[in-house]
Amino acid sequence: MTTDTNTDTDTVESVDPGLGRVSRLRGAVFRYVTFVASLVGVASLGVLLAYVFWDALGMDSAQPGWYAGFFLLVVAPFVGFVLRARTDAVAGEVALELFATVAGGIQGGFALVVVLDVIAGVDVWLSYFLTTIGPAVAVYLYGRLNRAASWTGLGILATGLLGPVAGTLLIGRIDVVVSGVGAPGIYLLTVTLPAALGVGLLVDRNEDLGDGRWATLALFALGVAGVLAADAVPGVSRSVWQLFVASFAAPTGYVVARNLADQERWSGLAGPGALVVGAGVLLLVDGPLGLVGPSPWFDWQFLTSPPSLTDPSTAGVYAPIVGSVFVIVLVAVFTLFLGVGAALYLEEYAGSSGLRGAVARLVRINISNLAGVPSVVYGLLGLAVFARLIGTGIGTVLTAALTLSLLILPIVIISAREAIAAVPDSQRRASYGMGATRWQTVRNVVLPRSLPGIMTGTILALGRAIGETAPLLMIGVPAFRRDEPTGLFTRTGALPRQVFTWADNPNPEFQYGVLAAGVVTLLVVLLTMNSIAILIRNKYERGDV
Amino acid sequence: MAKENTEVDAERETRTERTRAGDPTDTAPDQLISTDPGREGVAEQDDEPSGATETVIEAHGLDVYYGETRALDDVTIEIPSNRVTAMIGPSGCGKSTFLRCINRMNDLIDVARVEGDLLFDGVDVYADDVDPVALRRHVGMVFQHPNPFPKSIYDNVAYGLRVQGDTDDLDGRVEQALRRAALWEEVSDRLDDSALDLSGGQQQRLCIARAIAVDPAVILMDEPASALDPIATSKIEDLIDELAESYTVVIVTHNMQQAARISDRTAVFLTGGELVEVGPTREIFEDPEEDRVEDYITGKFG
């Protein structure tokens, strides 16, 4: 080998024999083995996804001409954008931000409708808004504006404790208001208006965007005027419209406007823009040109109809979606408080020496073990302890929520502990050195700094909980239920449980079409949650949050 | 109020140029509200630190152990008020440990154990009825690496006042602290910007402003300039000079020239946590009593 080098480079007078090539054979082999391994993983996942989406969207009924148009108008621009995004990091980031906002906004709107309008009802919402949420937000804003007010923390705490009590008493006594203003009006004032004001504040803070009052006004006008449009669409009530303006139109409008204001980020808008325009053109021209497109199972009718075991064409996932959203919202509340609490204790309060340290070590080790316990075992625990012993009922919303909370609690605790441990010790020392108590340090320094990491971990864990099936089977969630749950103690359907039921149906249209559409619904929810988690993490790593 | 402060600030700017020795008219025009009875009446400055001030911190036979390891060995020292006292010595000699004893930051280390007496204003800081949190409100600390919170500049300076629930005239006191830390001119128009956008030297001055905002009696500094460039370092040194007019400053440094430049008294720690010699800085550097100290200062070891 040294002779090789010598002949190649004549200018080198004398090469030390010790400077020749060193064998890298084993390293090269290892490198290619790892490459093939990751390729196999990605490829098999891709095949699975393509297969499910193909069935769910009914792609085989489309004509070749439609495919030509599809590739020309949608796939080609999109692939071009993806290739460009590889060299342009900002473009990919903007696309992710847009995707997370749009998808998160739509699904957040669904969740909002389910929680506020279907489950709670407008009277309950108004009671708690007036007694708890409104006052707490008002006190918080007052504290932000008046820096000297040191009582706001206690004020919010008091509102959080006393507000729900007052709110519960208020339910039923404000029927006059509810019937007078009407549900859409109440949502307009309590949801759409605050969202519009929030966007206005954000716009005001952003120097490139001009006056926030116009943004607030525009969103409020959209809430009021859009009612006419909403009336024309079946399945969209005026209340639903208000909630979607708040959860979808407000954040999406803000994100689009902010990206439009910054010229460096325009390239990122090209991809999503091309996708929307391409799909729009395709929808417009396929009728006149006589192109037969796909006949998807996964459509608006699928999302808004109750499930069926006999008629594939009318089967939907509305009731199971409501059940899953109800359960997952409860799981989020339980795990966030319990998980963050436990993680804070283990990281900040439990010492490392003495008896308390030993107990804390034992707890830490066991939490790591619990994260690996099979989910079916948690289902058994839920059945024995919650459903039977405590008596929350077989297959009820509360039983499902408690069981799934236990299932993901270890994951939430572990990720929250990692986020808390990642707060630099120098920050804690700075706070203690200023004469802050431990609580003040946790409250002012540790929690704000670790919150993005905690949120990321919790969202990923919730994504796992929403797709879990085995525990639901164990606690007796019904295989099929047409009605959405109305309270904590009603039996509920759930999305993964419904998918499992359809898989057993002998009718091939159920086995391929409806089942695939149900799976796609689950996947879309999961992908959205994960992209939001990634978005939060990216912003956190850059220090934006 | 703002106008008056600007004048005071301008005066300080010019004063910083002069050396402290040649400034007999210096009578601290910007005296802060005093919470510490021990500092009353110590307004006039005197370059010769020869008993003109009171002792604010006293250690008698102080030992510190980290588990089995002895970090401080029978340290006895008196630290006078309104002076800069420097702690020098090789790495691992216990000078930072001693500093952390004064505001009980060693309490945060599980294995640390302190024996002996350490008095702050005549009170044993390790007595049962002394709350370390209350103690730290009188003894501020500045760390080796600038560690501002990821909050706005304003919120950083206001942090100590807020955790103490002392929020009267917050704006004025934040401004005053920033002026005293010679940072006001640079940040007055962007108090709501993140503190992390400041340069390293500005961040360290912000940390000093944060420490003095609560008007402590003593400021402990643990190698405050070792992570900074020479220009930022000289600004910090000027600032320490200023601070000694109103505060007692105890500074740990690796840099012997720095100790010689800024301190009135110097304590030399050597390996094993032993306090070998303490005295007026000039004597320590020009004519130390101990041969080991001379060897260390002249660079024969350490």
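Tutor: A residue is buried if 20 or more other C-beta atoms lie within 10 Å of its own, with C-beta atoms placed from the backbone. The structure discussed here is a predicted model.

Student: What percentage of the residues in chain A is buried?

Tutor: The C-alpha atoms of chain A fill a box of roughly 100 × 75 × 60 Å along the principal axes. The chain has 545 residues. By the cut-off of 20 neighbours, the buried part of chain A comes to 36%.

Student: How many helices and strands does chain A have?

Tutor: Among contacts in chain A that join residues at least 6 apart in sequence, 75% are between residues at least 24 apart. As for its secondary structure, chain A has 21 helices and zero strands.

Student: How many helices and strands make up the secondary structure of chain B?

Tutor: Chain B has 302 residues, of which 45% are buried. In this chain, 68% of the contacts between residues at least 6 apart in sequence join residues at least 24 apart. The secondary structure of chain B consists of 11 helices and 10 strands.

Student: Which helix gives the most residues to the side of chain A that touches chain B?

Tutor: The contact takes 20 residues from chain A and 25 residues from chain B. Two helices of chain A, α17 (425–433) and α18 (438–467), each supply at least two residues to the side that touches chain B. By class, this side of chain A has six nonpolar, 11 polar and three charged residues. With six residues, the helix that gives the most is α17(A).

Student: Against which elements do the buried residues of α17(A) pack?

Tutor: The buried residues in α17(A) are A:Arg428, A:Ala430, A:Ser431, A:Tyr432 and A:Gly433. Just after this helix, A:Gly435 takes a positive phi of about 85°. The packing partners of the buried residues come from both chains: α18 of chain A, together with α3 (132–136) and β6 (139–142) of chain B.

Student: With which residues is B:Val218 in contact, leaving aside its neighbours within four places in sequence?

Tutor: B:Val218 is among the residues with the most contacts inside the largest nonpolar core. Once neighbours within four places in sequence are set aside, its contacts are B:Val56, B:Ile57, B:Ile102, B:Val139, B:Tyr247, B:Thr248 and B:Val250.

Student: Are α7(B) and α8(B) roughly parallel or roughly antiparallel to each other?

Tutor: Helix α7 (residues 200–212) and helix α8 (residues 230–243) of chain B pack with their axes 9 Å apart, at an angle of about 20°. Angles under 35 degrees count as roughly parallel. The two helices, α7(B) and α8(B), are therefore roughly parallel.

Student: How do the residues of the contact of α7(B) with α8(B) divide by class?

Tutor: The crossing of α7(B) past α8(B) is right-handed. The contact is made by B:Gly200, B:Gly201, B:Gln204, B:Arg205 and B:Ile208 of α7(B), and by B:Ala232, B:Lys235, B:Ile236 and B:Leu239 of α8(B). By class, the residues of this contact are four nonpolar, three polar and two charged.

Student: Why does B:Ser234 count as partly exposed?

Tutor: B:Ser234 lies in helix α8 of chain B. Its C-alpha atom is separated by 30 Å from that of B:Leu135, 99 residues away along the chain. A residue is buried at 20 or more neighbours and exposed at 12 or fewer. B:Ser234 counts as partly exposed because the number of its C-beta neighbours inside 10 Å is 15.

Student: What is the phi of B:Arg104?

Tutor: Most residues other than glycine have a negative phi. B:Arg104 is found in the loop between α2 (95–102) and β4 (112–120) of chain B, and it counts as buried because it has 22 C-beta neighbours inside 10 Å. Although B:Arg104 is not a glycine, its phi is positive, at about 55°.

Student: In which loop is the place of B:Ala182?

Tutor: B:Ala182, which is not a glycine, has a positive phi of about 55°. With 21 C-beta neighbours inside 10 Å, B:Ala182 counts as buried. Its place is in the chain B loop between α5 (170–180) and α6 (184–187).

Definitions and conventions: Residues numbered from 1 in each chain as written. Chains lettered and ligands numbered in written order. Predicted model: local features only at pLDDT ≥ 70, side-chain atom pairs only at ≥ 80, totals over all residues. Axes fitted to C-alpha atoms, helices over the stretch in contact; angles between N-to-C directions. Helix = DSSP H or I, 4+ residues; strand = E, 2+ residues; numbered from the N terminus. Parallel < 35°, antiparallel > 145°, perpendicular 65-115°, else oblique. Left-handed = near helix turned anticlockwise from the far one by under 90°. Contact = placed C-beta atoms within 7 Å. Nonpolar A, V, L, I, M, F, W, Y, C, P; charged D, E, K, R; others polar. Core = buried A, V, L, I, M, F, W, Y, C linked by C-beta atoms within 7 Å.
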